[in-house]
Amino acid sequence: MNARSQTFEFAIEGRQIAEVISCMFHTILFHRCVGKYNTKGSDNYSVGTLGYTDIDCDYTDFTYIVTTSQELQQTISDKINQFQDKLRLSGLNSSGQITLEFYQKKKSGWMFKPEEIPWEIWTIKIEQMQLSSENERQFMREKLSDVLAERVFQITEIINKPDYVPKPPHLSELDLVFDTSYTDIQPYLFKINFSDTPTIANHVRTILKEAFNTSL
Amino acid sequence: MSDFQLNNEDHEALEKFTKFFLVKAAQIIVQSRLGEKKTTKSKPVYSGNEWFHLSIKDIPEVTVNAKKCLGDAQHLLIDPPHCPFCVEISLRTPDCDTITLETWCISFDDSVSDPSQRVRFNIYNRMSIVLRSLLACTRATPTYQLSRKQSADKYIICYKMYSGEPIVSHLGEHYSKKTCGSIVTPIGRFVLNVAYRTRLTMSSPQIENGISGITQFGIDIKNDHFSLDRNQNSVEEDNDAQLPSESNSSVPKSSPIEVMKRRHTSCDSVSSSHGTPDKVYYSKLRAAFATPGTTAYPSNVGSYSRANDSDLPFVLMMQQQENNHQQQQHSMEQEQQHTKNHYYMGGDSENETAPDDFILVEVKPFFGKSDSTDDLALFIRSCQQPPMLESFIVEPSLGETINQLNEELRIFESKVEEFDQLVSTLDTNHKASLCTTE
């Protein structure tokens, strides 16, 4: 099965990087979370409730939704800040990409670790811009809010397509589909990877790594 | 139309889910326009009264209105004729002028279906996803930022619910339409759309004194608009409104009604302030042409009598100035009150005004020929009725203005040395002249 992928590109200032990625990832994750499963027996369970919080951007006039979960917000924030710091240290006009990958685990024998099969990959490519005047900054600020609005509608359009989403497994195998480490919510298994410059070498390295992991 | 029939149990479940889905959608839309940030808690343990596994607190008034609207519709959404459920968001100013900003619509289309979808699991979960999409999309339309800045003294956001086809004619010419989500059921498909206004200008027709010319400009103008003091204030305000400030940085979307009103107001006020001094000047000019003993004065003041060519107009003005001063003031006040009637008729005032207030007078240039084709007459006429400045007809967008300013700054920066040289030359000349005088 091939994972479906979607790429968004942004050309923005360094200080806007964290907010833009946070907006995109949290909008996606809000749709890729379920309430916490509470098992009441072998086959009975109840599903908790998801809350939401409005977050205002500081460097553009936009507000986005996040799932109300301190743990999830901390996880996402740590990764995004690492990426932003790396990108800003690389230079003023550097570029990079960060991916949010949803995967499910497949057991492959008792002595090997489960195989991780991605089923949805969201990539955000960032090109860092250096603006020289306040007028340009103001113009970018307004333009970015329009772009983010457009992206949010695109995300909802993609998510609402009747595409593959892992079915909730048996209660004993929840860990193969969901990340059950969070106390208040239950997102689909996901991981965040990033690189500062998407080069051919990095791409080949990633393919070889995945091929090596799947062969074990 | 789908031939698949749901069993009674599934049909009842779908009816119930649909009802709560529509009520929750209305709650999400209305609550997102209250003007404040929302936060609700995630609850690990299901408490039994949260639909679609989403923590959405209900505002009782909204639930009552939504249920009433659904109850008033003769049929459920999933039953023919599948009347859509709509929530309309509008903006109301303190003057009770209203402009529709967006229309959210949930419709049901029985031409697309999927019998494999289970009502109690698949469709319920899909409804949850679509409601989350709705939560995200309500923050993405321009109305959200508008609603965050509402206040009783500026404008308030209102809502209206109805069953029926969505009304989009109120949204202006270039409205935008987006789909937030869809749910395919065994008997049809729910679709959730939003149509929102992209141009925020008000067009409320005002009929005063039988003149509806104002509507062609689509501008709402107050009765005291053309008083002199207000014109000066409007010109000053316009300078602030056209340049977006940091606190108002999402202009034109964040406070478009104020900005657009001010911009149009300032255009009008500049034009009328250009016009008003002319009228004041014109009424003074009347006295120059008035001849003593003219029975038609002030009705045909300005018509230069050829009875006595040796009488100079200014001499006549001096002679009659004291007598005519009060009459001039009275006619000036009348003209200012009727200026708005004159302005939108493009300066052609003779057909629309009350006969006692303003009389068209042919311009006869003093010291010149009475022939209106004479150069001097043409010159005077062109001074009195100049064309509108191009900068008020063609308004550059913010981006173009900024680019233009950047270009000008670049040119100035490249010529810094020339400017410095000029300044030093002026300084040298000034010092030299001082030495000479000493």
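This is a predicted model: local features need pLDDT of at least 70, side-chain atom pairs count only at pLDDT 80 or more; totals for chains, interfaces and linings use all residues.
Tutor: Residues are numbered from 1 along each chain as its sequence is written, and chains are lettered from A in the order in which they are written. Since you'll see cut-offs, note that local features need pLDDT of at least 70, side-chain atom pairs count only at pLDDT 80 or more, totals for chains, interfaces and linings use all residues, and side-chain values use heavy atoms, with hydrogens and water left out.

Student: How much area do chain B and chain A bury between them?

Tutor: The size of an interface is often given as the accessible area lost when the parts come together. With a 1.4 Å probe and the loss summed over both parts, chain B and chain A bury about 3800 Å², 52% of it on carbon and sulfur atoms. Contact, meaning heavy atoms within 4.5 Å, takes in 49 residues from chain B and 43 residues from chain A.

Student: How many salt bridges are there between chain B and chain A?

Tutor: A salt bridge puts a side-chain nitrogen of Lys or Arg within 4 Å of a carboxyl oxygen of Asp or Glu. The count here is four. One pairs B:Arg139 with A:Asp54, their closest N and O atoms 2.7 Å apart.

Student: Which element gives the most to chain B's side of the contact?

Tutor: Helices (H or I, at least four residues) and strands (E, at least two) are DSSP runs, numbered from the N terminus. Elements giving two or more residues to the side of chain B that touches chain A include helix H3 (119-138) and helix H11 (398-414) of chain B. H3(B) gives the most, with nine residues.

Note on methods:
Buried area is the accessible area (1.4 Å probe) that two parts lose on being put together, summed over both.
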